[in-house]
Amino acid sequence: MSAQNYLAYDFPLLSAFWSMLWFFLWIMWFVLLFRVVLDIFRDDSLSGGAKAGWLAFCVLLPFLGVFVYVLARGRNMGRRETDRARAQQHAFDSYVRETARGGEDRPSSVDELARLSEIRTRGDITDEEFRRAKELVLSGSGASAAGTPTSGR
């Protein structure tokens, strides 16, 4: 053994440090490999043949393939990732806005009853039509009920 190996094994803490360093480098290598493979599949600008070529290169010669991929296409990896994250955030925000606005598009039952009362006081509907429309509003199907009695006169 060389002098460096004796030094590492003479001091157990140094041996543990080197073991942990190699272990975390190994984990970082797999994280990079998986990110490259996912980037290959997610990239819409690559054709199917190019994706298959890059994937074969990264699987058959992993160290060289990942190194060449990061050199050739690494600059845009981060851009594609941030674009995808922005698109997901935009879709989530628009979903939340639509869901939160869902109650604003439909008037509440109190608003519908107030509008029905106003229509009745103007004389546009009879008391019987008001009573039927009020029952429909209070039963929960008021969004379609409010507009139907006005066609009576």
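## Record and model

The unreviewed UniProt entry lists residues 12–32 and 52–72 under "transmembrane region"; such positions follow the numbering used here, feature names are shortened, and annotations may be inferred rather than shown by experiment. The model is predicted, so that local features need pLDDT of at least 70 and side-chain atom pairs count only at pLDDT 80 or more, while totals for chains, interfaces and linings use all residues. Residues are numbered from 1 along each chain as its sequence is written, and side-chain values use heavy atoms, with hydrogens and water left out.

## Helices and the listed spans

The protein has 7 helices and 0 strands, where helices (H or I, at least four residues) and strands (E, at least two) are DSSP runs numbered from the N terminus. Residues 12–32 are 100% helix, with end C-alpha atoms 30 Å apart, whereas residues 52–72 are 95% helix and have end C-alpha atoms 16 Å apart.

## A nonpolar patch

Phe17, Trp18, Leu21, Trp22, Leu25 and Met28 make a nonpolar surface patch of about 660 Å². Patches consist of residues with over 30% relative accessible area and no salt bridge, like charges being joined within 9 Å and nonpolar side chains (Val, Leu, Ile, Met, Phe, Trp, Tyr) within 5 Å; the areas come from the Shrake-Rupley method with a 1.4 Å probe, and for residues only the protein chains shown count as cover. Phenylalanine 17, which lies in helix H2 (residues 12–42), is partly exposed at 47% relative accessible area (buried means under 20%, exposed over 50%, partly exposed in between, with a 1.4 Å probe and protein chains only).

A search of the whole structure finds 11 salt bridges, each a side-chain nitrogen of Lys or Arg within 4 Å of a carboxyl oxygen of Asp or Glu. In one of them, aspartate 39 pairs with arginine 80, with the closest N and O atoms 2.6 Å apart. Because aspartate 39 lies in helix H2 and arginine 80 in helix H4 (residues 62–105), this pair ties together parts that are 41 residues apart in sequence. Aspartate 39 is buried, at 8% relative accessible area.

Arginine 42 and glutamate 81 also meet in a salt bridge, at 3.8 Å from N to O, and this pair likewise links helix H2 with helix H4, joining parts 39 residues apart in sequence. Arginine 42 is partly exposed at 40%, as is glutamate 81 at 31%.
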